[in-house]
Amino acid sequence: MKPDNTFDPTRRQVVGGLATGMAAAMAAPAFAQSSSSSSPSGNSGNPSNSYDAGGPIWQMQDPRDKYPEPPFPRQPLEWPGLASEMTPRPDHGEESYRGSGRLVGRKALITGGDSGIGRAAAIAYAREGADVAINYLPAEESDAQEVIQLIEAEGRNAVAIPGDLRDASFCSELVEQAVQQLGGLDILVNNAARQQWKPSIMEISHEDFDDTMKTNLYAMYWITQAAIPHMEPGSVIINTTSVVAYDPPKILLDYSMTKAAIVAFTKALAKQVAEQGIRVNGVAPGPFWTPLQPSGGQPQDAVETFGESTPLGRPGQPVELAGTYVLLASPESSYTTGNIHGAGGGAGDP
Ligand code: NAD
Ligand code: MG
């Protein structure tokens, strides 16, 4: 197919409609392996998401074949994009993540918890026994409600706090609401981000630049500053950075700047709050199949081939990072702070 990076609302609607229709029509799992929707160790699963089902994440399998590989259909999504409109639908662990009580009684706030990597962390945290508050944009309410239902299905407290992180006062309100409704806070996952590709610095408007900095950096600073006073020793902060922090693509200049800054923020903050017994770590994903990419994060021709250039030959699915977010939140990693964990399919740093 010929690359076409121009905005075309007609095409967008057709492809979006096709994607939704396909997802709805898929009674069988989108993925190659056989689906087990059994509910191991206390997980209830969610029949309404059966088209999401990957195999159980713990099952031994060739990592190359475990999930879909390119080519993918072009699918321009209107920003910020919905996971429910992606083809194939991402696996966030709806059917495939099994918990084992590693975060019992913990209280987590996850930004961007409606979709993608944040949703995978939210589902996993609930299955590990944590209560979870998620933040997202009002336009993402339908994705967010799926996550709320999955958290509640585990018998955990699920708190939905929509709002725009570019607003400083909303960020402090978000933390206050999360603390109040969860009855405390001991896991903060700064995960929301804005990624809009531009071929040249000349095409990054001041407004674009400001929106990217506000969402990815200012919000992290505002939220973390509001959260620390509520955190007891043993609490954790986890920031989502990216492989682009280490090798920035030329079309992601402003976004890559923020991801590199998140690495520095993580390492400096870890040194500051060690004396309070708070750990701070980062996660640096490679290409993951989430709404961030088809909603302006990449040109559509790059969506078609997404993940192809990695040694594993495919993008990661959000659930493939769930265990990393659980490990970093859990006391099992009590000596890990100021570190960045990677998941790049064989490419990229750290
Ligand atoms: P995603 O689109 O599912 O999640 C990003 C979320 O950011 C959105 O769901 C939205 O709720 C939130 N967001 C954006 N702007 C916001 C605003 N102004 N106010 C409130 N919320 C806002 O995509 P994802 O890929 O799961 O992204 C999660 C994190 O992973 C991001 O930090 C991203 O940079 C990082 N990451 C993703 C990839 C990838 O290939 N998908 C690679 C490396 C890093
Ligand atoms: Mg989203």
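**Entry 1: ligand 1.** I began with Ser115, where an N or O atom of the side chain is 2.6 Å from an oxygen atom of ligand 1. I count this as a polar contact, that is, a pair of N or O atoms within 3.5 Å. I note that the model is predicted: local features need pLDDT of at least 70 and side-chain atom pairs pLDDT 80 or more, while totals for chains, interfaces and linings use all residues. Residues are numbered from 1 along each chain as its sequence is written, chains are lettered from A and ligands numbered from 1 in the order in which they are written, and side-chain values use heavy atoms, without hydrogens and water.

I then looked up Glu140, whose side chain has an N or O atom 2.5 Å from an oxygen atom of ligand 1. Phe288 takes part through a backbone N or O atom, 2.8 Å from an oxygen atom of ligand 1. The protein covers 98% of the 800 Å² of accessible area that ligand 1 has on its own (Shrake-Rupley method, 1.4 Å probe).

**Entry 2: the shell.** I found 32 residues around ligand 1, the closest being Ser115, Glu140, Asn191, Tyr255 and Thr290; a residue belongs here if one of its heavy atoms lies within 4 Å. The shell divides into 14 nonpolar, 13 polar and five charged residues (Asp, Glu, Lys and Arg count as charged; Ala, Val, Leu, Ile, Met, Phe, Trp, Tyr, Cys and Pro as nonpolar; the others as polar). Helix H2 (116-127), strand S2 (131-136) and helix H6 (253-273) each supply at least two of the shell residues. Helices (H or I, at least four residues) and strands (E, at least two) are DSSP runs, numbered from the N terminus.

**Entry 3: cis peptide bonds.** I recorded a cis peptide bond between Pro70 and Pro71, with omega about 10°. Pro71 is in the loop between helix H1 (9-25) and strand S1 (107-111). Asp349 and Pro350 are also joined by a cis peptide bond, with omega about 0°. Pro350 is placed in the segment after strand S7 (340-343). For background, I noted that most peptide bonds are trans.

Key. Polar contact = N/O pair within 3.5 Å; in protein donor to acceptor, adjacent residues only side chain to side chain.
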